[in-house]
Amino acid sequence: VQDGLFLCTCGTAKSAAYAVQLAEAEDYSTAISYFTVAGSFVDAKERLTDAIYNYACQDMSIGRYDRARENFKRCAGYKDADDKYKEAAYNYGCKLIDGKKYETAVSVFKELGSYKDLYKRQVMLLTTSGSKKPANIMGT
């Protein structure tokens with residue numbers, strides 16, 4: 001049975017059971033879809049949050065900071081997702097600087113306030129972007 005067909009035709013109990021199997025196999029991206037279909041069945045919402053969190057952790061480990069940042073934001077307040085969100089956003093901003101996408105990096109860094117060495121990053125953005133005025137990445 002194709003995943004899409006199974007997803008559309010099975011009941012919430014089967015979706016939840018299959019989602020648990022997927023999460024246990026660390027296929028979090030697919031598990032998220034099935035937990036979403038399962039809706040409020042038993043503990044599907046909690047397991048959905050856990051799958052989103054674990055998917056974000058996987059993304060962090062392979063350098064997909066943009067998607068990790070988005071998913072940590074989706075599960076704010078869960079475990080250490082708020083701290084990991086900041087770490088993912090910071091790393092994403094640094095990756096943007098490396099790719100010379102300075103304006104996008106500034107907007108990402110603004111989300112973080114005074115996290116880590118953002119003052120140094122602001123100076124670096126000023127010197128590498130050729131701007132006459134500092135890029136305000138502190139959000140003030």
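**View 1. Overall fold of the protein chain.** The protein chain has eight helices and zero strands, and this description, like those that follow, refers to a predicted model. Read along the sequence, the chain follows the pattern α-α-α-α-α-α-α-α.

**View 2. The largest nonpolar core.** The largest nonpolar core has 25 residues, of which Ile 32, Phe 35 and Phe 72 touch the most other members. Two or more residues are given to this core by each of helix H2 (12-24), helix H3 (28-38), helix H4 (44-61), H5 and H6, and H4 gives the most, with eight residues. In soluble globular proteins, nonpolar side chains tend to be buried together.

**View 3. Helix H3 and the residue just after it.** The buried residues in H3 include Tyr 28, Thr 30, Ala 31 and Ile 32, and also Tyr 34, Phe 35 and Ala 38. Just after H3 comes Gly 39, whose phi is positive, at about 55°.

**View 4. The loop between H2 and H3.** Glu 26 has its place in the loop between H2 and H3. The phi of Glu 26 is near 65°, which is a positive value in a residue other than glycine.

**View 5. The salt bridge between Asp 50 and Lys 79.** The structure holds five salt bridges, and one of them is formed by Asp 50 with Lys 79, the closest N and O atoms being 3.6 Å apart. Asp 50 lies in helix H4 and Lys 79 in the loop between H5 and H6, so the pair ties together parts that are 29 residues apart in sequence. Asp 50 has a relative accessible area of 23% and is therefore partly exposed, whereas Lys 79, with a relative accessible area of 55%, is exposed. The backbone of Lys 79 can also be examined in this view, as this residue has a positive phi of about 45° although it is not a glycine.

**View 6. The salt bridge between Arg 67 and Asp 59.** The side chains of Arg 67 and Asp 59 meet in a salt bridge, with a distance of 2.7 Å from N to O. Asp 59 is buried, with a relative accessible area of 2%, while Arg 67, at 25% relative accessibility, counts as partly exposed.

**View 7. The salt bridge between Arg 69 and Glu 111.** In another salt bridge, the side chains of Arg 69 and Glu 111 meet at 2.8 Å, N to O. This pair links distant parts of the chain, with Arg 69 in helix H5 and Glu 111 in the loop between helix H7 (102-110) and helix H8 (118-129), 42 residues apart. Arg 69 counts as buried because its relative accessibility is 15%, which falls under the 20% limit. Glu 111, by contrast, has a relative accessible area of 35% and is partly exposed.

**View 8. A negative surface patch.** Asp 80, Asp 82, Asp 83 and Glu 87 form a negative surface patch. Asp 80 lies in the loop between helix H5 (65-74) and helix H6 (81-98), and at 32% relative accessibility Asp 80 counts as partly exposed. Asp 83, for its part, lies in helix H6 and is exposed, because its relative accessible area of 52% is over 50%. Asp 83 and Phe 72 are 11 residues apart in sequence, and their C-alpha atoms are 8.9 Å apart in space.

**View 9. Lys 86 and Leu 112.** Lys 86 is found in helix H6, and at 37% relative accessibility this residue counts as partly exposed. Lys 86 and Leu 112 are 26 residues apart along the chain, and their C-alpha atoms are separated by 6.4 Å.

How values were computed:
Residues numbered from 1 in each chain as written. Predicted model: local features only at pLDDT ≥ 70, side-chain atom pairs only at ≥ 80, totals over all residues. Heavy atoms only, no water. Patch = residues over 30% accessible without salt bridge, like charges linked within 9 Å, V, L, I, M, F, W, Y side chains within 5 Å. Areas by Shrake-Rupley, 256 points an atom, 1.4 Å probe, with all protein chains shown as cover. Salt bridge = Lys/Arg side-chain N within 4 Å of Asp/Glu carboxyl O. Lys, Arg positive; Asp, Glu negative; His and termini not counted. Charge placed at Lys NZ, Arg CZ, Asp CG, Glu CD. Helix = DSSP H or I, 4+ residues; strand = E, 2+ residues; numbered from the N terminus. Buried < 20%, exposed > 50% of the residue type's maximum accessible area, 1.4 Å probe, protein only. Core = buried A, V, L, I, M, F, W, Y, C linked by side-chain atoms within 4.5 Å.
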